[in-house]
Amino acid sequence: MQPSLAALIHPRSASEFFASSAADEPFVVHGLKDSVAALTRLPFLASLDALLGSWPNPVQVHLPDVADEASAIDASPGDARKLFANGMGLLFNDAHTISPELTTWLAAICADLGLSALTQGRCLVYATPAGTGTGAHFDQNINFVLQLHGTKQWRLAPNHHVENPMTRHTIGLPVDPELQTYARSPMPERMPADSRSIVLEPGSLLFVPRGVWHSTHASSDALSLNFTYSAPTWIDLLMAALRSRLAQASEWRETAIPASAHELDALLRELADD
């Protein structure tokens, strides 16, 4: 099958997926084979050793103190292999930059989702040692997770604390200042009680909506490929358009001086008329 959302979720339908996505519900498919063969047969994804042997960039290593990317260092592929053997997870950022095939899939899925052209799409590869995983958190982006090797358990729960977050948050870490202004406080101290478990094996695909709480635990060394999309919000689009409009007037480009606040009042009145 050609690179597409349909190929990624085959044999389930696009209507099923969009209904699940609209409800902020995780979406899972098991037993993917031929429809994603172009991805699973990529030589550099054949194993962790193959990936490390062909990776041209630093690897992000997740330190064991937090079990989250919020506590990470960059390491060479050789050092990353040693740290993985010592129980530390690895993240290979922007894997599409070394693979035209991944770039094609990334763009095709984005188009099928109907996302804005301003959306930032990335391919990430996660390597998780057996017996480890990531702490409970939510993301500000959407993720498709294709399990390549090994078995990983995901726990997912609806987010009753914040709707449509614009930044990620990990349980136990400080809350982003802007997030605090619109989230229901306090944030939970552990994964919510209404969580569900999904086990991913090679050929499993999981869609994680924006904002859904999730944590992971690998029962064996695991390798997964993520298609991640950070789409602009209406706030982003409005602020960009407003800045572009205001930049046309020299008065708005003047240096802001508190002593001349009366001039701002006049500009705001003119903006309302505009």
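# Exercises on a predicted model

M239 is found in helix α8, residues 234–246; helices (H or I, at least four residues) and strands (E, at least two) are DSSP runs, numbered from the N terminus. The model is predicted, so local features need pLDDT of at least 70 and side-chain atom pairs count only at pLDDT 80 or more, while totals for chains, interfaces and linings use all residues. Residues are numbered from 1 along each chain as its sequence is written, and side-chain values use heavy atoms, with hydrogens and water left out.

## Exercise 1: the chain as a whole

Task: state how many helices and strands the chain has, and what share of its residues is buried.

Solution. 
1. The chain has nine helices and 13 strands.
2. Buried residues make up 43% of the 274 residues. Buried means under 20% relative accessible area, exposed over 50%, and partly exposed in between (1.4 Å probe, protein chains only).
3. Along the principal axes, the C-alpha atoms fill a box of roughly 65 × 40 × 40 Å.
4. Of the contacts between residues at least 6 apart in sequence, 79% join residues at least 24 apart. A contact means heavy atoms within 4.5 Å.

## Exercise 2: the patch around M239

Task: find which residues make a nonpolar surface patch with M239, and classify M239 by its accessibility.

Solution. 
1. The patch is made by M166, I235, M239 and L242, and covers about 340 Å².
2. Patches are made of residues with over 30% relative accessible area and no salt bridge; like charges are joined within 9 Å, and nonpolar side chains (Val, Leu, Ile, Met, Phe, Trp, Tyr) within 5 Å. Accessible areas come from the Shrake-Rupley method with a 1.4 Å probe, and for residues only the protein chains shown count as cover.
3. M239 counts as partly exposed because its relative accessibility is 49%.

## Exercise 3: salt bridges

Task: count the salt bridges and describe the pairs E16 with R12, D49 with R81, and D68 with R168.

Solution. 
1. Side chains of opposite charge can pair when their charged atoms come close. A salt bridge is a side-chain nitrogen of Lys or Arg within 4 Å of a carboxyl oxygen of Asp or Glu. The structure holds five.
2. In the pair of E16 and R12, the closest N and O atoms are 3.3 Å apart. E16 is partly exposed because its relative accessibility is 36%, and R12 is partly exposed at 31%.
3. In the pair of D49 and R81, the closest N and O atoms are 2.9 Å apart. This pair links distant parts of the chain: D49 is in helix α4 (residues 48–54) and R81 in helix α5 (residues 77–85), 32 residues apart. R81 is partly exposed, with a relative accessible area of 31%.
4. D68 and R168 meet at 3.0 Å, N to O. D68 lies in the loop between β2 (59–62) and β3 (72–75), and R168 in the loop between β8 (152–157) and β9 (169–170), so the pair ties together parts that are 100 residues apart in sequence.
5. Both D68 and R168 are buried. A network of salt bridges links D68, E69, D139 and R168.

## Exercise 4: the sheet and its helices

Solution. 
1. Two strands pair if DSSP finds at least two bridges between them.
2. β2 and β3 run antiparallel and are joined by four bridges. Q60 stands opposite D74 in β3.

## Exercise 5: T128

Task: decide whether T128 is buried or exposed, and list its contacts.

Solution. 
1. T128 lies in strand β5.
2. T128 is buried because its relative accessible area is 8%.
3. Leaving aside neighbours within four places in sequence, T128 is in contact with F84, G133, K152, A218, S220, D221 and A222.
4. T128 and A222 are 94 residues apart in sequence and 5.1 Å apart in space, C-alpha to C-alpha.
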